[in-house]
Amino acid sequence: MFPNLFVLNGTGEVLIEKHWEGKVPRNVVDLFMEQQLKKERKVDVSPVIETPKLYLVHTRRGDVILLTTVKKETAPLFILEIHNKIMQVMYHYFGPTVNSRTIRDNFTLIYHLLDEMVDGGFPFTTDINQLQAMIQPPTIVNKFMSTFANSDQVKKALPEGMLTKIPWRRTGVKYHSNEICFDLLEEINCIIERNSNVAVCEVKGSIVCTCRLSGMPDIVLTVSHPSLIQDAVLHRSVRINRFRRERVVSFVPPDGRFTLLTYFLRGPCQMPVFVRPSINYTNGTGNVNISIGSKMREQKPIEDVVLVIPFPKEMLSSNLSTNAGSVTTVETAMGAHKEVHWTIPRLPKDKTPVLEGSVLFPNGFKPTYRPTLVLQFNAKSWNTSGLSVEGLDVVDVKYKPFRGVRTATRAGKFHIRC
């Protein structure tokens, strides 16, 4: 059961408070903020905090915190999934930037959305298309009507399609230009040893669909190497029995953008980049020589490359130079350590980027541990698993739609040991 919800800003101020089971006093927010202050970084705060009388389950997105207090035995992932769904709906209604001001300006609308999404403490209507049919997204005209004409954004009658077998798709959808596009996105989480061997590797992938098709189309999607799709999480529109039997994704799509499925791959995988680090410490000095480059034969573009090199907080200064990109030194929160950020907008094809130089420590100081580098990158038109879309059929329509497929891979938790 989902008993309550507190929507907070970054300082702990309550923006929205709603209870479905009993009423929890607001002093739990003070208890939650005390637990937050005990951690140096926000990411180190556990999503589930145990207290003597209850559990505090929270989700943070920017300066917005969703907090739920639980007294009874409840699956934490159930609470976190509802938090995640609430944030997805707010992103759809208010755009990619949702902050405390957005919530204040749309307080009434968000309250209406919560009434529809959770009923009696249980998820009720969480599909974005259904919500949009019942509660109109904020526009200039809607705000004017609600302010001056006392008009409500909530429709009085139940929209068409709410009682059909396909409630996730609106009825009467029409487009002048019909198109459907798929984004095959993958994220690499790995640990690479000093000798360049991969110690741990996991790939998290997703197929995101953007559908702008008229009528009630039926889609059949086939992929290469369907056996690679492990631990699949399917959208509610996918016919599960056919997927299990034929490994074919057959569905009637919702209108707009949605995640069709997610999957996980564990084991060896192709790496799009290589990093060769060399950091050696002598008396009060650290010598740095790091090279990075592409391992792809097709020479696909690798962009937004950022290599983070942590050093002890005792580091006094750095004298580092590179033949590609830029180098900056930053100090982390609470001064735990210092970091050197090597940023390369795009890996060049005609040379190998190299970072070299030295860092200075107090005389006689020698670090007791070797740093672990963190890499970020985006590789377009390439995926590490080799999964690709082989066939895409659109049936039950009289038109011929445009079909597009894009692939991309980015670094998740990509760590390199020195």
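Tutor: Side chains of opposite charge can pair when their charged atoms come close. In this predicted model, the side chains of arginine 104 and glutamate 13 form a salt bridge, with an N to O distance of 2.9 Å.

Student: Which parts of the chain does the pair of arginine 104 and glutamate 13 tie together?

Tutor: Arginine 104 belongs to helix H3 (residues 100-105), while glutamate 13 sits in the loop between strand E1 (4-8) and strand E2 (14-19), so the pair ties together parts that are 91 residues apart in sequence.

Student: Is arginine 104 buried, partly exposed or exposed?

Tutor: Arginine 104 counts as partly exposed, at 42% relative accessibility. Glutamate 13 also counts as partly exposed, at 39%.

Student: Where do arginine 239 and aspartate 218 lie in the chain?

Tutor: The side chains of arginine 239 and aspartate 218 meet in a salt bridge of 2.8 Å, N to O. Arginine 239 is in the loop between strand E11 (230-234) and helix H7 (240-246), and aspartate 218 is in strand E10 (residues 218-223); the pair links distant parts of the chain, 21 residues apart. Aspartate 218 is buried because its relative accessibility of 13% is under 20%. Arginine 239, at 34%, is partly exposed.

Student: Which residues are linked in a network of salt bridges?

Tutor: Glu17, Lys23 and Arg26 are linked in such a network. Within it, the side chains of glutamate 17 and arginine 26 meet at 2.6 Å, N to O. Glutamate 17 is buried, with a relative accessible area of 16%.

Student: How many salt bridges does the count come to?

Tutor: The count comes to 18 salt bridges.

Note on methods. Residues are numbered from 1 along each chain as its sequence is written. This is a predicted model: local features need pLDDT of at least 70, side-chain atom pairs count only at pLDDT 80 or more; totals for chains, interfaces and linings use all residues. Side-chain values use heavy atoms; hydrogens and water are left out. A salt bridge is a side-chain nitrogen of Lys or Arg within 4 Å of a carboxyl oxygen of Asp or Glu. Helices (H or I, at least four residues) and strands (E, at least two) are DSSP runs, numbered from the N terminus. Buried means under 20% relative accessible area, exposed over 50%, partly exposed in between (1.4 Å probe, protein chains only).
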